[in-house]
Amino acid sequence: MPDDHDKDKVIFSATMAATFEPDSMTNDKLEAATKGHGALVIPVFAAANSLAEDIFCTVTGPEMSLLGRMTLVDAAAPGLPLDMVIEKAVREAKNAGASPENAALIVASLAYFMGSCARSGVPLGNRKLGAIARMHAGAPRTSAIALTTGKFTHKIPAFPAYLAIYEKMLDKKLTRVDGAVLPPFIAGGAIYGHSALGEDYNIPELAYNAAKTGTEAMMRSMEGAGITPYALWPALIGAAVTMEFIHPDALLGEEFGKFGKVDSAYLAGKGARDAAGLPETIHIRGTHEEYDTAKVLGDFGLILKDIGGPSVIGSMALSEIFAGFEESASIGAGFSGGPVNPPLGHLEGDCVPALRLMVLHNGDVFEVASAVRDYKMNSFIDPEMALCGLNTIARKAEQVTRGKITKACILASEGVRDRAIYRRAAHTYDLMKAGKTVQEATRTLDEERQAYVEQRGSAILSGFTGKTIEFKYTSIKPHGRRTDKFTERYWGFDSNVAYDVTIDGTKYHVDNLSGKEIPAFVFEGKNKDDPNWPTALFCGAVLTQELQYIGHTIINITVPAAVASLIGMEAKEAAYGAEDGAFLTRAIPGAGDKAHEVAKLAQRVHAKINEPFPPAE
């Protein structure tokens, strides 16, 4: 029988080593992210922390809370509480690596969801959220032409929306009002802009039709580039281009609602929503708060027209901020809302839910943490890995900035992460004491994860498609179409997966999904007459990417390596042996090197805890 006391020391040492620093948990290049290179996840956490600290003002007491006082108001004062909050949050985002334009976008977006309205409507003291954020960030003014979609394999700049809208404008097809027939001194004043012709006819027609036209053009352009027309960014750009030329502060006639309730931005948002086929309402994860989709799109059109020129990673950050909605997968928002676990650079999706949960629970981070954990457990194919990833990125963000949002995310995930590591350490110990090699141990852990993803993935896909799905891999290997040594070892760069999938009782076999079957479907029309075949390909794409992206959490390699290094193996041998056996977790390079560091540290920890306690002098 193994020595339970020794087993406890091995597990403890392996756990401490595997969690020594956030970078030990992952192959993703987290240190680069601390200055915004390649991703803005840490600047988003930094801005969210800043907003939460200022809004709840834990230092000076509840009487200084800014909650409910962050909206733009009809005020002539040169400074408002919002200015202070925005300025500080922008500074934190820039310190974490965001460029001025991206910092402005991040902060304006988070502030909007904390209750700041997008516009004030005061002609002289005319405050708009996008412009406030841009000015505090020190970003130059530009037009919506600088906007681009997030990267969905490719990215599409705003030009198609401009082209389509302005062609229709030249042809006088956006509104029934023809400026050529207007007498002098009508356009440009209250007789038009705040009267029947403007508020009842021209502005509603122009806003709706232009945004609809621009959104449709963006979606067709995505199709023309060979990518899926995910709806959110075309709608945002369609609304932004429209709000650039529409009277932005116009309030519409009684046909559209009581005075002050419906503005031009809302009609632009409605046109974009309808063109994109988005739902009428969307809901925040954790709180289930309901937002009018048209209002959100119109307000963001107003924000984006003033924000400056955010880069592609700024657009990707905004996509992930929108992943805080329950409907993120269906509206084309970011990846961090699930069901697939993405690389850590995408994990901004918990910031808005955490901020809104802070409001719901009056700043209680423990209540917020419980709610975050609960919704993540229900949103992902592999919720354990989702919470491990959240823990890693929140801890890395705390190397740059600390606050209520990162603390809540760490509290939400800490217990699940610790259980995941403990279970792997104990399992590896038992396997190796029973005569298995470290390669066999890591292969066992990966096989168990594969089975879990197949089982839980089948259930999630069934719910998403409304069909009964049963999914089982028949092989997972590299070289879908390459022959080189690098991709032979790291299968994530050229996967060759085969599987059986049963859809409502009909069984399908897919062989070499990405290397053969998807090109055959696109170019040859293979099985296009079978309505279930696209679903069969979709299922494989979802679950295979869940397995391919495992570089975000490599504990199936690092933890066994640490254990093996403590029960007879050299650290280097244990590390690269663990990587050899982990046929799934070895998707991208780097885990062997990380495992070597973890194994060496585990040996040091184990040696120290076995030293006798020094006697008192």
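## Close-up views of a predicted model

**Figure 1. Cysteines C117 and C539.** C117 is partly exposed, with a relative accessible area of 26%. C539 is buried, at 0% relative accessible area. Buried means under 20% relative accessible area, exposed means over 50%, and partly exposed lies in between (1.4 Å probe, protein chains only). The disulfide count is zero, where a disulfide is a pair of cysteine sulfur atoms within 2.5 Å. The model is predicted: local features need pLDDT of at least 70, side-chain atom pairs count only at pLDDT 80 or more, and totals for chains, interfaces and linings use all residues. Residues are numbered from 1 along each chain as its sequence is written, and side-chain values use heavy atoms, with hydrogens and water left out.

**Figure 2. The whole protein chain, for orientation.** The secondary structure comes to 25 helices and five strands. The radius of gyration, taken over C-alpha atoms, is 27 Å, close to the 25 Å of the globule rule (2.2 Å times the number of residues to the power 0.38), so the chain is as compact as a globular protein of 617 residues. Helices (H or I, at least four residues) and strands (E, at least two) are DSSP runs, numbered from the N terminus. The C-alpha atoms fill a box of roughly 95 × 75 × 35 Å along the principal axes. Buried residues make up 57% of the 617 residues. A contact here means heavy atoms within 4.5 Å. Among contacts between residues at least 6 apart in sequence, 72% join residues at least 24 apart. The accessible surface comes to about 25500 Å², and 55% of that belongs to carbon and sulfur atoms. Accessible areas come from the Shrake-Rupley method with a 1.4 Å probe; for residues, only the protein chains shown count as cover.

**Figure 3. A salt bridge between D23 and K396.** The closest N and O atoms of this pair are 2.9 Å apart. The pair links distant parts of the chain, 373 residues apart. D23 sits in the loop between α1 and α2 (30-33), while K396 belongs to helix α17 (residues 383-397). Both D23 and K396 are buried. A salt bridge is a side-chain nitrogen of Lys or Arg within 4 Å of a carboxyl oxygen of Asp or Glu. By this rule the model has 32 salt bridges.

**Figure 4. A salt bridge between K128 and D249.** The N to O distance is 3.2 Å. K128 lies in the loop between α5 (100-113) and α6 (129-137), and D249 in the loop between α10 (232-245) and α11 (264-276), so the pair ties together parts 121 residues apart in sequence. K128 counts as buried at 7% relative accessibility. D249 counts as buried at 13%.

**Figure 5. Further charged groups.** Side chains of opposite charge can pair when their charged atoms come close. K516 and D511 form a salt bridge, with their closest N and O atoms 3.0 Å apart. K516 is partly exposed, with a relative accessible area of 40%. D511 is also partly exposed, at 32%. A network of salt bridges links R395, E414, R417 and D418.

**Figure 6. Helix α13 (residues 312-321), mostly covered.** Eight of the ten residues in α13 are buried. They are G314, S315, M316, A317, L318, S319, E320 and I321. These buried residues pack against α3 (41-56), α5, α10, α12 (293-306) and α15.

Figure 7. A cis peptide bond joins G338 and P339, with omega about 5 degrees. P339 lies in the loop between α14 (328-331) and α15 (351-360). K172 is not a glycine, yet its phi is positive, near 60 degrees. K172 sits in the loop between α7 (159-170) and α8 (190-193). K172 is exposed, with a relative accessible area of 53%. H479 is another residue other than glycine with a positive phi, about 65 degrees. H479 is in the loop between β3 (469-478) and α20 (485-489).

**Figure 8. A nonpolar surface patch of F12, M16 and I609.** Together these residues have about 250 Å² of accessible area. M16 belongs to helix α1 (residues 4-18). M16 counts as partly exposed, at 41% relative accessibility. Patches are made of residues with over 30% relative accessible area and no salt bridge: like charges are joined within 9 Å, and nonpolar side chains (Val, Leu, Ile, Met, Phe, Trp, Tyr) within 5 Å.
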